[in-house]
Amino acid sequence: MPPRRAGPRVAPSSHEEPGEELTPPFFNTTFSTHRVSPLFVGAEGLTSARLQHLARRLRDTLVGDVVRGIQVGLEAADTPMGQVGALRAVSIRWFQAHGLLGDATAGDELERDDSWSRLSEEQRRGLWVEIRHENATYVAILLPAFSTSQEAPKSFPWDAEMGARAAGQADDSHFVSLPLLLLRMPQALKAVISEWLSTVFDCRVSKLVLGTKTLVSVWEGWIKTGGIPSKGPDFVLTLSFHAPISDSRNAIADSDDEANSKEESGLRALEITISPSDLRRFVRAGEEDGSHQSSTTDTWSSDARERRRLVGGNADDGWAWRSSDHPPDQPFTEALARYLDHHLALNLFHPGVRVVQISCGSFVLAQSKLKVVKLGDVTADLARAAWMFVTQLGARLQDDVLATVK
């Protein structure tokens with residue numbers, strides 16, 4: 001068989017117009033969410049020349065290098081559209097982060113936003129990795145933490161698994177903080193990109209699991225910013241339950257079955273579907289009646305240890321953030337909780353109840369994936385709603401960092 005010819009190497013800028021500023025795809029694209037510790041870039045930083053050099057190194061890795069003893073064969077990987085074909089080009093470039101949220105008009109709208117004006121120049125740009133094959137294009141987008149609700153720490157905490165070095169021993173100017181990583185690529189390529197980023201920038205890449213607080217806050221913020229559509233797909237909210245089944249043993253079950261039963265949860269998931277025409281009624285009901293208190297008597301509200309046990313390992317779950325002295329303004333969630341309590345005797349705010357996915361005509365947000373939908377051109381309302389969307393994700397990441405510092 002004759003040797004396979006690799007496709008020509010296309011320069012990353014071969015299709016760009018002079019002075020044109022390209023931005024990666026964001027709308028109508030499903031991404032998986034990941035967390036990245038600060039990138040070590042050294043005193044040189046990430047100049048254009050260095051980014052081109054890194055792009056060549058990544059390309060060399062993808063076309064045949066060995067990663068952890070396993071030969072990478074991504075050019076032959078199957079996709080829903082068939083073979084992806086030969087690797088054509090790999091590019092790494094900076095981009096202005098607000099360009100992700102809309103066109104130039106939407107960008108001007110963001111520039112007038114007070115929260116955007118408070119961001120530093122470093123927080124306004126992200127890093128875009130593009131891998132183009134003949135029949136498919138994969139992207140990795142590294143974004144800053146956009147949240148301005150509280151001041152970010154000046155130093156970067158080191159993860160315990162990476163040596164637990166004190167942050168004050170490093171020069172902060174040698175690091176770039178791009179904590180949110182969005183990946184659109186097959187699972188095999190995700191592993192390679194994560195390994196490559198970890199090796200090149202001495203950072204740690206891990207999956208970002210979004211919990212109840214983030215999902216609910218994004219939905220409530222979207223209602224206030226973008227409004228509620230009167231038409232379109234149904235709103236679907238998916239609940240899961242951290243409620244393992246009882247340890248009581250069945251006399252007829254063998255020991256293997258008993259061991260497996262201890263690891264399984266009871267009720268796995270519950271989907272709540274609401275038509276678009278009813279969403280507005282829920283919001284009005286929540287605004288009129290205010291905060292909801294469950295009719296059930298609980299034993300965990302005054303026991304922090306019991307509450308943590310019921311919540312599980314994700315600090316973003318548990319509903320503890322709504323029981324403060326100043327509960328969040330979330331009328332839809334309050335009305336839904338009242339409805340479920342009255343009709344199903346289900347306490348939505350129980351620590352063991354989790355929101356794991358929200359799907360509507362405007363976006364899909366789950367524990368480790370997101371998609372923002374755009375129909376037609378980007379309007380100012382959509383740009384503001386998308387800005388709110390990524391700001392909430394930035395707040396989630398910033399809360400994690402501050403918790404580590406404390």
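**Entry 1. Cavities**

I define a cavity, on a 1 Å grid over the protein atoms alone, as a set of points where a 1.4 Å probe fits but cannot get out, and its lining residues as those with an atom within 4 Å of a point. I note that the model is predicted, that local features need pLDDT of at least 70 and side-chain atom pairs pLDDT 80 or more, while totals for chains, interfaces and linings use all residues. Residues are numbered from 1 along each chain as its sequence is written, and side-chain values use heavy atoms, with hydrogens and water left out.

I looked up the cavities of 30 Å³ or more and recorded 4. A volume here is the space filled by probe spheres set on the points, with grid points joined across faces, edges and corners.

Which residues lie nearest the centre of the largest cavity? I found Trp219, Pro229, Leu279, Cys360 and Gly361 there, among 15 lining residues. Helices α5 (212-226) and α7 (276-289) are the elements that give two or more residues to this lining; helices (H or I, at least four residues) and strands (E, at least two) are DSSP runs, numbered from the N terminus. I recorded a volume of about 70 Å³ for the largest cavity.

I then sorted its lining by class: 9 residues are nonpolar, 4 polar and 2 charged. In this scheme Ala, Val, Leu, Ile, Met, Phe, Trp, Tyr, Cys and Pro count as nonpolar, Asp, Glu, Lys and Arg as charged, and the others, Gly among them, as polar.

The second largest cavity has a volume of about 60 Å³. I listed its lining residues, including Val216, Trp219, Leu237 and Phe332. Elements α5, α9 (331-344) and β15 (353-359) each give two or more residues to this lining, and α9 supplies the largest share, 3 residues. By class I noted 9 nonpolar residues, 1 polar and no charged ones.

**Entry 2. Strand β13**

I looked up how strand β13 (residues 235-241) is placed, and 7 of its 7 residues are buried, so the strand is largely enclosed by the rest of the structure. Buried means under 20% relative accessible area, exposed over 50%, and partly exposed in between (1.4 Å probe, protein chains only).

Which residues of β13 point one way, and which the other way? I found Phe235, Leu237, Leu239 and Phe241 on one side and Val236, Thr238 and Ser240 on the other.

I next checked the partners of β13, where two strands pair if DSSP finds at least two bridges between them. β13 pairs with strand β14 (residues 269-274) in the antiparallel sense over 6 bridges, with Leu237 opposite Ile272. β13 also runs antiparallel to β15, joined to that strand by 6 bridges, and Val236 stands opposite Ser359.

**Entry 3. Salt bridges**

I searched the whole structure for salt bridges (a side-chain nitrogen of Lys or Arg within 4 Å of a carboxyl oxygen of Asp or Glu). The search finds 5 of them.

In the pair of Arg132 and Glu130, the closest N and O atoms are 3.8 Å apart, and both residues are buried. I noted that Arg93, Glu130 and Arg132 are linked in a network of salt bridges.

Lys224 and Asp329 meet in a salt bridge at 3.6 Å, N to O. This pair links distant parts of the chain, 105 residues apart: Lys224 lies in helix α5, and Asp329 in the loop between α8 (304-311) and α9. Both Lys224 and Asp329 are exposed.

I also recorded Asp278 with Arg281, whose closest N and O atoms are 3.2 Å apart. These two residues are separated by about one helical turn because they are 3 residues apart in helix α7. Asp278 is partly exposed at 26% relative accessible area, whereas Arg281 is exposed at 53%.

**Entry 4. Aromatic pairs**

I looked up pairs of Phe, Tyr and Trp rings (the six-membered ring of Trp), which need centres within 6.5 Å; planes under 30 degrees apart count as stacked, over 60 as edge-to-face and the rest as tilted. The structure holds 14 such pairs.

Phe26 and Phe27 are edge-to-face, at 5.5 Å centre to centre and 80 degrees between the planes. Phe26 is buried at 4% relative accessible area, and Phe27 is buried at 11%.

Phe282 and Phe332 form a tilted pair, at 5.8 Å centre to centre and 55 degrees between the planes. Phe282 lies in helix α7 and Phe332 in helix α9, so the pair ties together parts 50 residues apart in sequence. Both Phe282 and Phe332 are buried.

Definitions and conventions: On a 1 Å grid over the protein atoms alone, a cavity is a set of points where a 1.4 Å probe fits but cannot get out, and a pocket is an open set with protein on both sides within 12 Å along at least five of seven lines; lining residues have an atom within 4 Å of a point.
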